[in-house]
Amino acid sequence: MRKEQHPKGWNEKKTNDSWAIFKIMGEFVNGFEKMSAIGPSVSIFGSARTKPEHKYYKLAEEVASKIVNAGYGVITGGGPGIMEAGNKGAHLAGGTSVGLNIELPFEQHDNPYIDSDKSLDFDYFFVRKVMFVKYSQGFVVMPGGFGTLDELFEAITLIQTNKIEKFPIILVGTEFWEGLMDWVKKTLLDSFANISPGDMDLIHLVDTADEVVEILDKFYEEYRLSPNF
């Protein structure tokens, strides 16, 4: 027979949850204060495992550089791989380079290309994700893993449900993303009608840094730059 859970353990858990509210509030307050001063910026996402010699690391660096030259800052998750490439490209181009770091048991460590006054540390993924969405004027999504997909689909969901203002979502790397986009169209849209035809218009698929900047500039010729909620 399963032993009944000791009531003290459950009560202690509830107490810890109550105190955690203050830590969560502190992360939100600190994040809002620092991020509100960075100006219009674009977030770059991608794998932490991508090495500096890889073509997508080099492309992410070029994308970031051209984003800065177009007048935007760059926000990344602050870690290695594609995130490092994004911060490096922004830093070397003399632009704003922001890192939203998260403490993880593996992979994540700060990269050296983040502006010293624009490096933020988070314990909670959901607080960090709010900062990305609220202060980004666009998402540039390079090849990545589950975390990259999580950020991508959350942004699409929030725009699709009108919880935030529309902003460009740009997938970079046709060879990586084409299969996923084909599945979304053929399965989600055509076969099951689980999304609307207009939802496909939220996503752009490109291969070059120039295409990224062109999409951003074209979008903001029509819409104003502002926090998303």
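1. The charged end of Lys134 sits over the ring of Tyr135, 5.5 Å from its centre, where sitting over a ring means that NZ of Lys or CZ of Arg is within 6 Å of the ring centre and within 35 degrees of the ring normal. The charged end of Lys134 also sits over the ring of Phe32, 5.9 Å from its centre.

2. Please keep in mind that this is a predicted model, in which local features need pLDDT of at least 70 and side-chain atom pairs count only at pLDDT 80 or more, while totals for chains, interfaces and linings use all residues. Residues are numbered from 1 along each chain as its sequence is written, and side-chain values use heavy atoms, with hydrogens and water left out.

3. The structure holds 11 aromatic pairs, a pair being two rings of Phe, Tyr or Trp (its six-membered ring) with centres within 6.5 Å, called stacked if the planes are under 30 degrees apart, edge-to-face if over 60 and tilted for the rest. The rings of Phe139 and Phe167 have centres 5.0 Å apart and planes at 50°, so this pair is tilted. Because Phe139 lies in strand E5 (residues 136–141) and Phe167 in the loop between helix H5 (146–160) and strand E6 (169–172), the pair ties together parts that are 28 residues apart in sequence; helices (H or I, at least four residues) and strands (E, at least two) are DSSP runs, numbered from the N terminus.

4. Phe139 counts as buried at 1% relative accessibility, and Phe167 counts as buried at 1% as well, where buried means under 20% relative accessible area, exposed over 50% and partly exposed in between (1.4 Å probe, protein chains only). Ring pairs link Phe139 and Phe167 with Phe45 and Phe132 into a cluster.

5. Phe176 and Trp177 form an edge-to-face pair, with 4.8 Å from centre to centre and 80° between the planes. Phe176 counts as partly exposed at 37% relative accessibility, whereas Trp177 is buried, with a relative accessible area of 1%.

6. Two packed helices are described by the angle between their axes and the distance between the axes. Helix H2 (residues 55–69) and helix H3 (residues 82–92) pack at an angle of about 40°, with their axes 7 Å apart; axes are lines fitted to C-alpha atoms, for helices over the stretch in contact, and angles run from 0 to 180 degrees between N-to-C directions.

7. Gly39 is found in the loop between helix H1 (7–35) and strand E1 (41–45), and counts as partly exposed at 36% relative accessibility.
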